[in-house]
Amino acid sequence: QVQLVESGGGLVQAGGSLRLSCAASGSIRRINAMGWYRQAPGKQRELVASITSDGSTNYADAVKGRFTISRDNAKSTIYLQMNSLKPEDTAVYYCNSNVVQYFRSESTYWGQGTQVTVSS
């Protein structure tokens, strides 16, 4: 089994910064793409940013220039540096990972989510 553990959420004022972390553990042969999604109350879950195993990144238009995703392959961990936060960034943030386990095909795993609240 694979576990994704997120940390770093919290309450911050508009204009502030937070850094989220997500560490993968378990029986892992290889981790392909990893990413961050978010879900605000009453809205669908949406992609925030993703990063491939070789470091290529993709961002939602709403966070370009403010958020930065990075990855430490040795630690099976990704980070999301969030700067210039806005109230509309308030959501539960979920880590997502495409993992290849030994003797198994690729599967997608989700973390438990971490709350980010931005006050105006």
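A charge sits over a ring if NZ of Lys or CZ of Arg is within 6 Å of the ring centre and within 35 degrees of the ring normal. The model is predicted: local features need pLDDT of at least 70, side-chain atom pairs count only at pLDDT 80 or more, and totals for chains, interfaces and linings use all residues. Residues are numbered from 1 along each chain as its sequence is written, and side-chain values use heavy atoms, without hydrogens and water.

**Exercise 1.** Find the rings that R45 lies over.

Solution. Start with Y94: the charged end of R45 sits over this ring, 3.7 Å from its centre. Then take W110: R45 lies over its face, at 4.7 Å from the ring centre.

**Exercise 2.** Describe the aromatic pair formed by Y37 and W110.

Solution. Rings of Phe, Tyr and Trp (its six-membered ring) pair if their centres lie within 6.5 Å; planes under 30 degrees apart count as stacked, over 60 as edge-to-face and the rest as tilted. The structure holds one such pair. Y37 and W110 are 5.0 Å apart centre to centre, with 65 degrees between the planes, and the pair is edge-to-face. Y37 lies in strand β4 (residues 30–39) and W110 in strand β10 (residues 106–110), so the pair ties together parts 73 residues apart in sequence. Strands are DSSP runs (E, at least two residues), numbered from the N terminus.

**Exercise 3.** Is R38 buried or exposed?

Solution. Buried means under 20% relative accessible area, exposed over 50%, partly exposed in between (1.4 Å probe, protein chains only). R38, found in strand β4, has 7% relative accessibility and therefore counts as buried.

Definitions and conventions. Helix = DSSP H or I, 4+ residues; strand = E, 2+ residues; numbered from the N terminus.
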